[in-house]
Amino acid sequence: MVRFTVLASGSKGNSTVITGGRTRILLDAGLSCRELFRRMKLAGEDPGTLDAIVITHEHQDHVNGLAVTARKLGVPVYFTEATHRAWMRWLTPRRQMTYAQWLEAAAAARKQAAERQSGADVAAEAEEPEVLAAVEAEEATAAASEASLQQPPSRKEDPAWLPATEYFQAGNPFEIGDISLNPFTIPHDAADPVGFVIRAEGVRMGFATDLGYIPPNVKAQLKGLALLLLESNHDLEMLRDGPYPWSVKQRVLSRVGHLSNEAAAGFLESAYDGQATYIILAHLSQSNNLPELARLAAERALSGKASLLANRLLLAGQDEPLSSVCF
Ligand SMILES: [Zn+2]
Ligand SMILES: [Zn+2]
């Protein structure tokens, strides 16, 4: 059986579990590990059985829980090389240090350790074992921070350390166990963002959020699908009159921003082939959209064609998992 479960969708976190055959993958890890596990259990999915995490792009709402979740489960992370690098840069901004600055920092760390030592002597006179233990722990920390000035961070200290990484490229399909994935480029302001057509047990599922518009290559991919998950981010009027500063409005509206209700409806009306049993509207803005507006725009677009009325329209939300779609 194929199961498609949106755990969360929106600017506060995106994550979907897809099960096909004996394989289970997490598409994006935009919630904390704890919340991801909680929602998976709510949806009847066992986090311990995940085989891999696949990342669409490095924006925070797609990678928030990535490192912790991958480490806890010991599973590989699939992304493009550019996305991996952008994610690492985001986590570990390079600290440029001249040799003079380095000497200064090392001397300061030594001085701090010495001060702690004299504090320890005072504590020793007081003969309070608890205080002593605390001071010893502090000393150990000081020594460690001094050592870290001289050595590259170890696996545990490196925030970008992952148990295993696999690279894919847009345009090159790849497989994870029983699930095959075809990544395609989307227009969005990230290093190398992708959408996917995912196939399992003969069921094709399209996944396209975080895109400023739908270019011909994406239209060509989103055909012959049993399930289409499509961004319906904002209502144009609400965005225009809404609380965002002008610069952010510009970004959202741009060709590398997010898809409006109107643009999603335009696609459904003119380019969509109507074959999906399920259409899931996703990545709805909480400030610049209302579920009813997104639904209405899509329903209007679909009602134009009698053949599309069989499509079931679902809305993915931010706060709780959407019921699993099964094939
Ligand atoms: Zn996003
Ligand atoms: Zn994004």
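Colleague: Which residues have the most contacts inside the largest nonpolar core, and what makes a set of residues a nonpolar core?

Modeller: This is a predicted model, in which local features need pLDDT of at least 70 and side-chain atom pairs count only at pLDDT 80 or more, while totals for chains, interfaces and linings use all residues. Residues are numbered from 1 along each chain as its sequence is written, and chains are lettered from A and ligands numbered from 1 in the order in which they are written. The largest nonpolar core has 75 residues, and those with the most contacts inside it are Ile25, Ile53, Ile198, Leu227, Ala264, Leu281 and Ala298. The set is called a nonpolar core because it consists of buried Ala, Val, Leu, Ile, Met, Phe, Trp, Tyr and Cys residues joined through C-beta atoms within 7 Å.

Colleague: Which residues is Leu281 in contact with, leaving aside its neighbours within four places in sequence?

Modeller: Leu281 is in contact (C-beta atoms, placed from the backbone, within 7 Å) with Leu230, Ser232, Ala264, Ala294, Arg295, Ala298, Leu315 and Ala316. Over the chain, residues 24 or more positions apart account for 69% of the contacts with a separation of 6 or more.

Colleague: How many helices and strands does the chain have, and what part of its residues counts as buried?

Modeller: There are eleven helices and 14 strands, taken as DSSP runs numbered from the N terminus (H or I, at least four residues, for helices; E, at least two, for strands). Of the 327 residues, 40% count as buried, a term that asks for 20 or more other C-beta atoms within 10 Å of a residue's own, whereas 12 or fewer make it exposed and anything in between partly exposed.

Colleague: Which residues of α1 are buried, and why are they said to be on the same side?

Modeller: In α1 (residues 33-42) the buried residues are Leu36, Phe37, Arg39 and Met40. They cover an arc of only 165 degrees around the axis, and therefore lie on the same side of α1; the arc is that of the directions from the helix axis to the C-beta atoms. Arg34, Lys41 and Leu42 are exposed on the other side, while the buried residues pack against β1 (3-8), β2 (15-20) and α3 (66-73).

Colleague: Which elements do the buried residues of α4 pack against?

Modeller: In α4 (residues 81-91), Thr83, His84, Ala86 and Trp87 are buried. Their arc too is only 165 degrees, so these residues share one side of α4, and they pack against α2 (60-63), β5 (77-79) and β6 (165-167).

Colleague: Why are β7 and β13 said to stand at the edges of their sheet?

Modeller: The sheet is open, with seven strands in the order β7-β8-β9-β10-β11-β12-β13 and mixed pairing. β7 (174-176) and β13 (312-315) each have a single partner strand, so one side of each is left without a neighbour in the sheet; two strands pair if DSSP finds at least two bridges between them. From one strand to the next the twist averages 20 degrees.

How values were computed:
Contact = placed C-beta atoms within 7 Å. Axes fitted to C-alpha atoms, helices over the stretch in contact; angles between N-to-C directions.
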